[in-house]
Amino acid sequence: MNPETTPPTPLVSRRRPPRARSQARHGRRRFAVAALAITLLAGCASNATASTTTPAAPTSSPSSSTSTSTPAAPTTTAAPTTSAPAAFPVTVTGANGRVTIAARPQRIVSLSASLTEMLYAAGAGEQVVAVDKYSNYPAGTPLTDLSGFKPNVESIAALTPDLVVVSGDRDGVVAALDAVGITTLVLPSAKSVDDALDQLATIGAATGHADAATAAAASIRTRLATIADRAPERRAPLPYYLELADDGRTVTSATFIGNVLALAGLASIADTAGAAAGGYPQLSSEAVLAADPAVIFLAYSNGKNPSAADLAARPGWNELQAVRNGNVVVLDPDVASRWGPRLVDLLTAAVDGTATIT
Amino acid sequence: MTAPAPPIAARRHPVRLPLAWILGAGAFTLAAGTVAVLFGPASIPAGQVLRALLDQLPGVNVDHGLHGPLAAVVTEVRLPRVVLAGIVGAVLATAGGAYQATFGNPLGDPYLLGVAAGAGLGVTLVLTGYIAASGGLAATAAAFVGAGAAVVVVYALGRDGDEARPTASLILAGIAVAALCSAVQAFLLQRDDQAVREVYSWLLGRFNVAGWRQVRLVAPFAAVSIGVTVAAGRRLDVLTLGDDEASALGVDPRRTRRLVIGAATLGTAAAVAVSGLIGFVGIIVPHAVRLLAGPSYRRILVLSAFGGAGFLCLADLAARSVLAPAEIPIGVVTAFVGAPMFLVIMRTRSARR
């Protein structure tokens with residue numbers, strides 16, 4: 001836990017009437033800086049120290065050291081030179097409506113692992129100063145203890161970001177950050193591949209990498225098509241059961257992951273449950289036995305996937321065709337639960353794991 | 001409670017429990033269990049289900065015509081699930097009745113003394129990795145230990161309350177310990193967002209992964225718990241007169257309470273460990289029985305065992321049928337079905353008075 005949480009400073013807790021907002025913003029930001037300085041002086045948090053050191057790191061370390069005083073010029077690899085400088089201010093649309101970004105963000109905080117992967121895929125990795133605790137990909141992300149599910153506004157504000165990306169406006173984080181003058185872009189979990197690729201483009205536009213992001217999205221689309229073509233021709237979609245936890249939690253084809261698996265010619269056995277059961281229904285053992293899926297995917301978020309022997313030991317499961325034929329595929333739970341650029345990896349795993357099943 | 005019941009034990013002879021009532025309650029339980037076994041997401045014709053069951057009887061060999069994955073569905077998946085639901089329902093209902101008797105409180109509930117919060121904390125500690133444990137039964141064991149530990153602490157802290165209100169301090173200690181456990185649990189879950197869903201799903205009750213293993217685990221505890229509480233029925237009737245009168249009649253109130261609370265808690269902890277938290281059964285079934293059969297705990301406890309078993313079998317049937325093949329958490333169903341059912345019983349009974 002952050003030590004800063006304990007004394008609620010007026011920074012976060014006090015809400016002013018909307019009219020007074022613009023005048024108050026200036027003084028408030030000064031206050032935020034002062035508050036940050038105080039925390040630093042007090043030397044009170046490892047968090048605070050991390051926040052001061054990290055911004056230096058990404059600019060110097062990953063790319064060549066040529067760009068010493070580089071505000072806008074994208075020295076990043078993929079971005080064509082035409083893309084960045086002209087655009088700002090830009091207006092993009094997130095779940096929190098139209099968001100105007102005044103200048104090319106230099107201090108981005110991501111509170112969603114999927115959005116972090118998109119930021120790096122778009123070529124904005126160097127502008128990212130902090131990510132939440134689940135943003136473990138790509139390697140070398142500036143990991144912090146921040147949470148996107150229970151966002152701590154003060155900790156975020158202390159990093160003085162100029163753009164925060166988050167997958168949901170939880171606990172009123174958007175309004176709270178707006179109150180301290182920080183722009184937030186909300187991009188919720190994607191429902192489809194198109195959704196995800198649109199978000200990638202939005203992220204690119206918001207960070208000054210519009211062309212690179214669009215190109216990345218197009219490349220992902222091409223690769224998806226190529227991989228999907230590798231799947232054998234089948235008369236009907238192959239029924240699968242994807243187990244997320246040992247309580248029978250699974251997915252339907254209506255979810256994002258179900259969408260990706262559908263590209264591989266697969267259909268969830270939970271689809272018959274109907275919309276009332278939601279996208280992530282819980283199946284009973286009996287329902288799985290009755291459906292007798294051709295393939296079983298395992299994507300336990302806690303990483304404790306059952307072994308093939310564990311599955312066979314469940315009552316009746318040794319008779320399932322997937323278990324008998326060894327068609328049990330373990331998916332990377334991070335890849336399977338995110339809607340980032342690695343959805344290509346997810347499709348690859350699904351296609352390759354079912355290639356021999358006709 | 002509408003009209004104050006006449007003191008039961010004041011009558012010379014204790015209230016009897018007619019055999020016909022037991023048979024009737026047993027028939028209800030059996031019927032509910034049978035219906036629950038006949039239906040499920042794997043739509044197997046009733047005839048085949050019955051033949052598969054007959055085939056299991058020693059010395060009987062019937063061709064049930066079920067092959068492959070379906071061969072095991074009736075005997076290895078559906079039957080243990082129904083049996084487990086029945087056992088858990090019986091335990092929770094008798095435990096609830098026993099708590100209502102010992103605490104003289106109509107809101108008595110099997111989770112009154114911190115069982116739920118203790119089990120929840122135990123499960124959370126394992127699922128968030130603070131207690132390194134693995135294997136299929138780690139969470140089950142943690143729930144049992146957590147539930148037991150919480151009640152032991154509550155009892156140690158609350159037993160020496162003031163003489164005038166012997167159970168009030170126990171209840172208060174239960175509330176305090178439960179609050180403490182919940183706070184720690186909430187803190188741990190806040191640190192680990194990913195475990196939230198697992199813990200939540202665990203807490204909402206789980207029969208969908210039940211097998212004979214869970215039945216074997218809970219059965220001995222259930223037998224002891226139900227046996228002890230039912231046997232104490234008459235003494236609990238005497239206790240409703242008040243501690244002084246009960247002592248005068250040769251019933252030691254403190255000992256009786258300790259015995260009944262201990263037995264009810266043991267059964268509840270075991271039930272929670274194998275099936276998660278299933279609310280409402282323990283509080284509603286004894287009250288429904290009381291409305292139908294009168295205020296004697298001799299009757300209430302025995303009939304609650306049957307009623308709870310049948311009720312939970314039917315609730316579980318609904319849980320796995322309504323959205324089949326998806327499941328509804330059993331705890332949701334018990335409240336959703338049980339609350340209106342109870343209100344109907346309550347209204348019709350009071351109208352007849």
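# Reasoning about chains A and B

Author: In chain B, among contacts with a separation of 6 or more, 76% are between residues 24 or more positions apart. One thing to keep in mind as we go: this is a predicted model.

Reader: Okay. What is the figure for chain A, for residues at least 24 apart?

Author: There, 63% of the contacts between residues at least 6 apart in sequence join residues at least 24 apart.

Reader: What makes up the secondary structure of chain B?

Author: Helices: chain B has 14 helices and zero strands. Read along the sequence, the pattern is α-α-α-α-α-α-α-α-α-α-α-α-α-α. Chain A has 15 helices and ten strands.

Reader: How do you know whether the radius of gyration of chain B agrees with a compact globule?

Author: Set the value against the rule. A compact globule with 353 residues would have a radius of gyration near 20 Å, and chain B has 21 Å, so the two agree. As for its extent, the C-alpha trace of chain B spans about 65 × 55 × 40 Å along its principal axes.

Reader: Now charges. Why is the contact between Glu117(A) and Arg338(A) called a salt bridge?

Author: The cut-off is a side-chain nitrogen of Lys or Arg within 4 Å of a carboxyl oxygen of Asp or Glu. The N to O distance here is 2.7 Å, so by that cut-off the pair is a salt bridge. Glu117(A) sits in helix α5 and Arg338(A) in the loop between α14 and α15, 221 residues apart.

Reader: Are those two residues buried or exposed?

Author: Buried means under 20% relative accessible area. Glu117(A) has 2%, so it counts as buried. Arg338(A) has 8%, so it is buried as well.

Reader: How about Asp194(A) and Arg221(A): how far apart are their closest N and O atoms?

Author: They are 2.8 Å apart, and the two residues form a salt bridge. The pair links helix α8, which holds Asp194(A), with helix α9, which holds Arg221(A), and the residues are 27 apart.

Reader: What does the salt bridge between Glu327(B) and Arg81(B) look like?

Author: Their side chains meet at 2.9 Å, N to O. Glu327(B) is in the loop between α13 and α14, and Arg81(B) is in helix α3, so the pair ties together parts 246 residues apart in sequence.

Reader: How do you know whether that pair is buried or exposed?

Author: Use the cut-off of under 20% again. Glu327(B) has 11%, so it is buried, and Arg81(B) has 5%, so it is buried too.

How values were computed:
Residues numbered from 1 in each chain as written. Chains lettered and ligands numbered in written order. Predicted model: local features only at pLDDT ≥ 70, side-chain atom pairs only at ≥ 80, totals over all residues. Heavy atoms only, no water. Helix = DSSP H or I, 4+ residues; strand = E, 2+ residues; numbered from the N terminus. Rg over C-alpha atoms; globule rule 2.2 N^0.38 Å. Contact = heavy atoms within 4.5 Å. Buried < 20%, exposed > 50% of the residue type's maximum accessible area, 1.4 Å probe, protein only.
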